[in-house]
Amino acid sequence: MSSGVRTNNLMSQYNSWVDRCRNDLSYGHVWMMPIGGLDARLERANVFERDVERLGYELPRVIGVALIDVARHVAGVFVQVASSGWDGYRYFEGSLEGRVFFTGLRDLPLDVVVHLATVCMNVGIALDRAVAQLSTGVGMLAWHGGEWAVSLVSGESLTVLSTDLDTRRIVYGAVGITLLAAGALCVPVAAIQLFALPILAGSIYGMVNNQFTVRECPEYYTMGHYYDGVSTRGHGVRTNNLIIKPFVTGCYATTMVTKYAGAILSLIGTLPYTSTMLPVTYAVGMIAGVCAIGVVAAHIFAMYVKNDGQGKFDAYAEHVGFEWTDEHLNMTWFELQRAVEPLIEQKRANLNGSFEELEAFNAKLETLTNSMCSYPWANEPTDGLQSMPLRYVLGWQTNSSRNMVGYATAGVGTALVGVASIALRIFVI
């Protein structure tokens, strides 16, 4: 029997067995609950009881399925390699220099290479699901534990979390994965520490960054960044408290990105390109440097954007002939245009005797109007410039710009840290 046939038979038998285990866990009587009855009970419970009951039902099932998937794919590697007859273990005898390692990879059969790549992707997806669910559970307990502690002091028992379950899950997950990352740094395994470092550093970066953004425009922090007035209905936390909001939004705004950065750094830092792994202390220094540069660069660029926008506002007001007041700032852009239309018509009437001056006035007015309407404010999900009072527009765009630079710095910084880690291990360590 050929190697390919042996592989297919072994994998088919193995996958059939795992599927039975997976289905038993997903749909077995142990976890089955009548959804209708569950929803009816949830309506009568408070926020914490609702989340404990629903997430308590979901978490074990989802984590169990994810871990079975991980075991399935990892075991599949051994089945694939063993059935191919490849004696690759000999390439890893003695030193793990990059030349030896890549020589071994080059000699792998193509079907094994494809299988390994697929396995890496599927294991990553399964682990991501498991970690996400575990983080949600940890974050839920930590959040409500903190609120209970506060209620003992203040006497208030109300939660500031969103009334929407999906939004609460985002908050729970972000807080939970940050706490797990902090705990993971105590695990003496370099791969785990390198995975946790960007997550924790990203959360700290977000908290520091949001100390600025929440003061610019707290209305910006709806889930998805849409304007909902002065209401906090769409916010992850329904408060504009200058301590709570920056800390919570700083976590959930960054961990969606940094967990992938951590996976990349962990992989690059522990693959045997050289005979050593990337020291965690080196990684801490590099990531801290990237975060510091990111905060400074984002703040400088945001101030430039804010000043540029304020200059456009002032130039428009000066050209039309009015001074900014609270009444003007509480208008939307199109409401302002309608309000100042009599001033514009009066200016045109005054310049009617001079064709050149009238043309110059109209040309500049058109330029100023187009520059404001084409500004990125108008590209928000709900056409932010049109629906938002002008008093929030500058802060809104300042926040968008600051976050954009921060994410770009984090992405480029992660790539640079990865490249630097390879260079350090080859030429320095």
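Mentor: Fine, and keep in mind that this is a predicted model. Helix H6 (residues 165-184) packs with helix H8 (residues 244-252) at an angle of about 85°, and their axes are 8 Å apart.

Trainee: What does that make H6 relative to H8, roughly parallel or roughly perpendicular?

Mentor: Roughly perpendicular, because angles of 65 to 115 degrees are classed that way.

Trainee: Which residues make the contact?

Mentor: H6 contributes Ile-170, Val-171, Ala-174 and Thr-178, and H8 contributes Val-248, Cys-251 and Tyr-252. By class, the contact has 6 nonpolar residues, 1 polar and no charged ones.

Trainee: Okay, rings now. How many aromatic pairs are there?

Mentor: The count is 7 aromatic pairs. One of them joins Tyr-220 and Tyr-221, edge-to-face, with 5.2 Å from centre to centre and 85° between the planes.

Trainee: Are those two tyrosines, Tyr-220 and Tyr-221, buried or exposed?

Mentor: Both Tyr-220 and Tyr-221 are buried.

Trainee: And how are the rings of Phe-313 and Trp-324 arranged, stacked or edge-to-face?

Mentor: Phe-313 and Trp-324 are stacked, at 5.2 Å centre to centre and 25° between the planes. Phe-313 sits in helix H10 (residues 280-320) and Trp-324 in the loop between H10 and helix H11 (326-329), so the pair ties together parts 11 residues apart in sequence.

Trainee: Which residues do ring pairs link into a cluster with Phe-313?

Mentor: Tyr-316, Phe-322, Trp-324 and Trp-333 are linked with Phe-313 by ring pairs.

Trainee: Switching to cores. Which members of the largest nonpolar core touch the most others?

Mentor: The core has 23 residues, and Tyr-316, Val-320, Phe-322, Leu-336, Val-340 and Ile-344 touch the most other members. H10, helix H12 (333-350), helix H13 (355-373) and helix H15 (390-428) are the elements that give two or more residues to it.

Trainee: What is Tyr-316 in contact with, leaving aside neighbours within four places in sequence?

Mentor: Its contacts are Phe-322, Trp-333, Leu-336, Gln-337, Val-340, Ile-344, Leu-365, Leu-368, Thr-369 and Met-372.

Trainee: And which residues does the second core include?

Mentor: That separate core has 16 residues, among them Val-47, Leu-55, Val-175 and Cys-251.

Technical notes. Residues are numbered from 1 along each chain as its sequence is written. This is a predicted model: local features need pLDDT of at least 70, side-chain atom pairs count only at pLDDT 80 or more; totals for chains, interfaces and linings use all residues. Side-chain values use heavy atoms; hydrogens and water are left out. Axes are lines fitted to C-alpha atoms, for helices over the stretch in contact, and angles run from 0 to 180 degrees between N-to-C directions. Helices (H or I, at least four residues) and strands (E, at least two) are DSSP runs, numbered from the N terminus. Angles under 35 degrees count as roughly parallel, over 145 as roughly antiparallel, 65 to 115 as roughly perpendicular and the rest as oblique. Contact means heavy atoms within 4.5 Å. Ala, Val, Leu, Ile, Met, Phe, Trp, Tyr, Cys and Pro count as nonpolar, Asp, Glu, Lys and Arg as charged, and the others, Gly among them, as polar. Rings of Phe, Tyr and Trp (its six-membered ring) pair if their centres lie within 6.5 Å; planes under 30 degrees apart count as stacked, over 60 as edge-to-face and the rest as tilted. Buried means under 20% relative accessible area, exposed over 50%, partly exposed in between (1.4 Å probe, protein chains only). A nonpolar core is a set of buried Ala, Val, Leu, Ile, Met, Phe, Trp, Tyr and Cys residues joined through side-chain atoms within 4.5 Å.
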